[in-house]
Amino acid sequence: MKKLRAEIREFIEKYNLQSLSDVALFGLITVIIHFSWRFWAYDLHYWPINNFMASAYDYMSWLVFAQSHWFDVHILGLEITTIDQTMYFSNKGYIAINAGCSGLKQFSQFALLIIFFRGPWLKKLWFIPLGVLIVHLTNLFRIIGLSIVLLWKPDYWQFSHDYLFRPFFYVVIFFMWIWWVEKIAPSVSRNLANKKIKE
């Protein structure tokens, strides 16, 4: 097994495939996290922390609702009536903010991706919270964008929800991962290489 790993590493270095192997690893980790999360959510019902997860979903969906509603009303000047966590618009369209809109799954996907990927732990301690904040802002952008689509192009709402704004999460996560791999994690590799040269 050691020999095989060494041969694979040598092949990757010989043909300068490090970037390609990193992207493949990103894809693999993302897919594993996605299906593991679904299994944990739907089959195990978030065992053993199901009460905590229920509270976290409630809080985050309320926060997304409150912040996107505030932006829609105070910045965009939209006329919105609210009942519970549902925004009703002047054209009788509505957006209900539920657990699926909380961004909690995407927070976890981003955090786990950076945890599993190589890099210095001290930098992960600030990069993960920063990334979670960016994912949250992306989620707010998504809900606000859907509000605009609902008012001005309601026929495109479902398409925008499923094929435009939802994948946008993963585009943002991908670019933050590139930032991590290209700008932050390599500094450790360079420092270790320089140290070896000096020795």
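The dialogue below turns to a cavity and then to a pair of helices.

Mentor: This is a predicted model, in which local features need pLDDT of at least 70 and side-chain atom pairs count only at pLDDT 80 or more, while totals for chains, interfaces and linings use all residues. Residues are numbered from 1 along each chain as its sequence is written, and side-chain values use heavy atoms, with hydrogens and water left out.

Trainee: How many cavities of 30 Å³ or more does the structure hold?

Mentor: On a 1 Å grid over the protein atoms alone, a cavity is a set of points where a 1.4 Å probe fits but cannot get out, and lining residues have an atom within 4 Å of a point. The structure holds 1 cavity of 30 Å³ or more, and about 40 Å³ of space lies in the largest cavity, a volume being the space filled by probe spheres set on the points.

Trainee: Which residues line the largest cavity?

Mentor: The lining consists of T30, I33, Q109, F110, L113, Y170 and I173. Helices are DSSP runs (H or I, at least four residues) numbered from the N terminus; α2 (18-43), α4 (104-116) and α6 (157-184) each supply at least two lining residues, and the largest share, 3 residues, comes from α4.

Trainee: How do the axes of α5 and α6 cross?

Mentor: Axes are lines fitted to C-alpha atoms over the stretch in contact, with angles from 0 to 180 degrees between N-to-C directions. Those of α5 (residues 121-152) and α6 come within 10 Å and cross at roughly 160°, which makes α5 roughly antiparallel to α6 (over 145 degrees).

Notes:
1 Å grid on protein atoms, 1.4 Å probe; cavity = no way out; pocket = protein on both sides within 12 Å on 5 of 7 lines; lining within 4 Å. Parallel < 35°, antiparallel > 145°, perpendicular 65-115°, else oblique.
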